[in-house]
Amino acid sequence: MEAVHDHGHDHAHHPTGLMRWVTTTNHKDIGTMYLWFSFAMLLTGGLLAMGIRLELLQPGMQYWKPEFFNQLTTMHGLIMVFGAIMPAFVGFANWQVPMMIGAPDMAFARMNNFSFWLLPPAALLLVVSFFVPGGATGAGWTLYAPLSVQQGMGMDMAIFAVHIMGASSIMGSINIITTILNMRAPGMTLMKMPLFVWTWLITAYLLIAVMPVLAGAVTMLLTDRHFDTHFFNAAGGGDPVLYQHVFWFFGHPEVYIMILPAFGIVSQVIPAFARKPLFGYSSMVYATASIAILSFIVWAHHMFTVGMPAAGQLFFMYATMLIAVPTGVKVFNWIATMWKGSMTFETPMLFSVGFLFVFTMGGFTGLILAITPVDIQLQDTYYVVAHFHYVLVAGSLFAIFAGIYFWLPKWTGHMYDETLGKVHFWLSIIFFNLTFFVMHFLGLAGMPRRIPDYAQQFADFNLIASLGAFGFGLTQLLFLYVVVKCIKGGEKAPAKPWEGADSLEWTLPSPAPYHSFETPPIVK
Amino acid sequence: MQQAHSSYYIPQPSTWPIIGATALLFLGFGAALTMNDLGAGPWLLLVGFAILVYLLFGWFGQVASESEKGTYNKQVDISFRWGMSWFIFSEVMFFAAFFGALFYMRILAVPDLAHGASGEFLWPGFAPKWPVSGPGIEETFTPMGAWGIPAINTLILLTSGATVTWAHWGLIKNNRSQLILGLILTIALGLVFLFLQGYEYYHAYHELNLTLTMGAYGATFFMLTGFHGFHVTMGTIMLIVILGRCIAGHFKPEHHFGFEGVSWYWHFVDVVWLLLFVLVYWL
């Protein structure tokens, strides 16, 4: 390999203060910014969720006009998906991928910072849209036509926000794929990579494949709104269902984009605290790849009620159920990893085991919803809301928490407060179930989603859900406190605080040096 | 301008990302305001566009000069290759969305409107024979024929694919005049293509009454060919930049990814055109 030698490491001309963050090309700085941005969006989206649950605390119209309630649900979804969950995982990728494959940084360090700095303008477009004439879009986070064709200016802002976030995701993914394929340390073959790296490789592929399709969908929406095309208008030979097809061709891989890195994190944490290597490593890799490939041929299970030939319904039903096989492989592998392990339950492990329970439940409700005749009953009820919060909050978000606690010692050089971490876990899992478990019953009883009022018989469960939601929201402030406390100080963390952890990042001192591996480590 | 860590290359802190983000901030708000006929929208768009142009010149200029100084080693070169390949894949998927819309409308949506209840009660007498606008559109149009300008344009783009490869051979053989002549020919063919497409659009709007608002056919025709034309425009600009760099003596026979990346892009645009010619114009 050709080498460009310049050993005068002169860090003096690095900008300091705010400009350090604005101009940085360092994967750790950028990862940190991604994670803080994501947390800010989690609180913003969480605030909107509190608004939703406040209105639903009791039957009748209390606080909001119906159209503002729609704006709350829509923006809660958009902000959580594109602002909180996805950037959080990109933050993890930035911090961890170079360290785990023995690279000094990402392949395209400047573009890396560009991907991050595209997010604040997009977030600004979304948040400011609440204050323009007509308010934010209330078409639901899926932005279905024809409702989205009829909305006001807030809709255009959401469209451009999606464009910008899409550009950010595509650049970020190209960077991650290239880093993984081209920056691995000598000896780090693909099948030696930690599973977190594998899951991100496949996630990045999914992102590059489907974010442009979403861009296409919202572009058609834009031209239907302002340039009189008729993509989604039957009078002009179009079809509103076309929007749903294009959207869900993006949307279904998108849900795996939000869960595969979570699988990766859990696959790092469980072996570390079971003090056993991951059971069935290669089957985990193949399962991840299978899930990714299957995710492209199941999209219409979101659309069973729009009118579809029976053959189509059958195909999408069976294809969807097929995904349970590789997902099952993963769940069994995690359990087998713990089998006869010498387990301890520090906070990351608690969140991972919690993840295993609650995510698997979300997986099962997904299977139930995959059955076409059942789905026709449950479409757009709170059962669906319960299902996807089980996989997105208890799945993605809990894995994010697990990952944060797992790697905080490596990132900050301090141990976090274990007691408070455990309190955070127990409060989170109790309040989470309080909020969302009852939604299964509400959905089965027929309560529709995205409606600000409900019949009297739903009152008790809604009260429980709202109280749980407020508790869950407040609990996350405790998380903020634990993280800030850990950054400010605490017990000094050793290079490898977790006995069973074995990937490359633990060979670096804590906190990890500014450039992870200045010379490539040799992996045997 | 680099820190080298053994064989690794890491660029210095850079202000280009925040400049780019600012450009998109202006463009996003500017476009939203403009489309709703509000206030300073066009001005914001203009400012955003100006910053974007400044960014493209500045950032790519920096990359070009770093490359010429020999900053990029073999590993960086491979990274660029991966990066460009995945970028082109993302472009393929962008076009796939619009091709998907075309197939869906042509094969499912339009025939469905003439069958069953909607054909019987809503739009009796609607003949779903492609190319068609839609049952609610009274005006008629003439579809664009394949064997006039589009066929000539196919020939032009295919020829330009050959000339850019000929230029590449010139670069590899270190025959600079072949390189520069090949690029000039490619750019000229690209410009002729764009001119003919412009004429075709004029013809469509003024003589065929084929417009963007002409339902299923109008929307898919103009969105697909329009985005393709935009990509040809970008490709031509990129080729002009590469030509300028070649005249300035950039690139070596063994180290010229800037050239190759642009030629990959040009071939991609070429392939999309072939699909357009067959699926939009011809069949």
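**Entry 1**

I take helices (H or I, at least four residues) and strands (E, at least two) as DSSP runs, numbered from the N terminus. The axes are lines fitted to C-alpha atoms, for helices over the stretch in contact, and the angles run from 0 to 180 degrees between N-to-C directions.

Which residues meet where α10(A) packs on α14(A)? From α10(A) I listed Val266(A), Val269(A), Ile270(A) and Phe273(A), and facing them in α14(A) are Pro348(A), Met349(A), Ser352(A) and Phe355(A). By class, this contact of α10(A) with α14(A) divides into 7 nonpolar, 1 polar and no charged residues. I count two residues as in contact if their C-beta atoms, placed from the backbone, lie within 7 Å. For the classes, Ala, Val, Leu, Ile, Met, Phe, Trp, Tyr, Cys and Pro count as nonpolar, Asp, Glu, Lys and Arg as charged, and the others, Gly among them, as polar.

**Entry 2: what I am reading**

This is a predicted model, in which local features need pLDDT of at least 70 and side-chain atom pairs count only at pLDDT 80 or more, while totals for chains, interfaces and linings use all residues. Residues are numbered from 1 along each chain as its sequence is written, and chains are lettered from A and ligands numbered from 1 in the order in which they are written.

I checked pLDDT, the predictor's confidence in each residue, from 0 to 100. Chain A averages a pLDDT of 94, and 98% of its residues score at least 70. Over residues 1–12 of chain A, however, pLDDT stays under 50, and for this stretch the model has 19 contacts beyond four places in sequence. Where pLDDT is low, the predicted coordinates should not be read in detail.

**Entry 3: α2 and α3 of chain A**

Helix α2 (residues 27–55) of chain A and helix α3 (residues 66–101) of chain A pack at an angle of about 160°, with their axes 7 Å apart. I therefore recorded α2(A) and α3(A) as roughly antiparallel to each other, and their crossing as left-handed. The contact of α2(A) with α3(A) has 20 nonpolar, 11 polar and 2 charged residues.

**Entry 4: where the chains meet**

How many residues of chain A are in contact with chain B? I found 67 residues of chain A in contact with 63 residues of chain B. On the chain A side, α7(A) gives the largest share, 12 residues, and the class count for that side is 39 nonpolar, 20 polar and 8 charged residues.

Across this boundary I followed α5(A) and helix α1 (residues 16–35) of chain B, which pack at an angle of about 25° with their axes 8 Å apart. The two helices, α5(A) and α1(B), are therefore roughly parallel to each other, and their crossing is right-handed. Pro120(A), Pro121(A), Leu124(A) and Leu125(A) in α5(A) meet residues in α1(B) that include Leu24(B), Leu25(B) and Phe29(B). This contact of α5(A) with α1(B) has 8 nonpolar, 1 polar and no charged residues.

**Entry 5: chain B**

Chain B holds 8 helices and 2 strands. Domain 1 of chain B covers 1–72 and domain 2 covers 76–282, with bounds that come from an automatic or database domain assignment. The C-alpha centres of these two domains of chain B lie 26 Å apart, and 5 residues of domain 1 are in contact with 5 residues of domain 2.

**Entry 6: backbone in chain A**

The peptide bond from Ala145(A) to Pro146(A) is cis, with omega near 5°, and Pro146(A) sits in the loop between α5 and α6 (147–150) of chain A. Leu143(A), also found in the loop between α5 and α6 of chain A, has a positive phi of about 55° although it is not a glycine. The bond from Ser510(A) to Pro511(A) is cis as well, with omega near -5°, and I placed Pro511(A) in the segment after α18 (459–488) of chain A.

Terms used
Parallel < 35°, antiparallel > 145°, perpendicular 65-115°, else oblique. Left-handed = near helix turned anticlockwise from the far one by under 90°.
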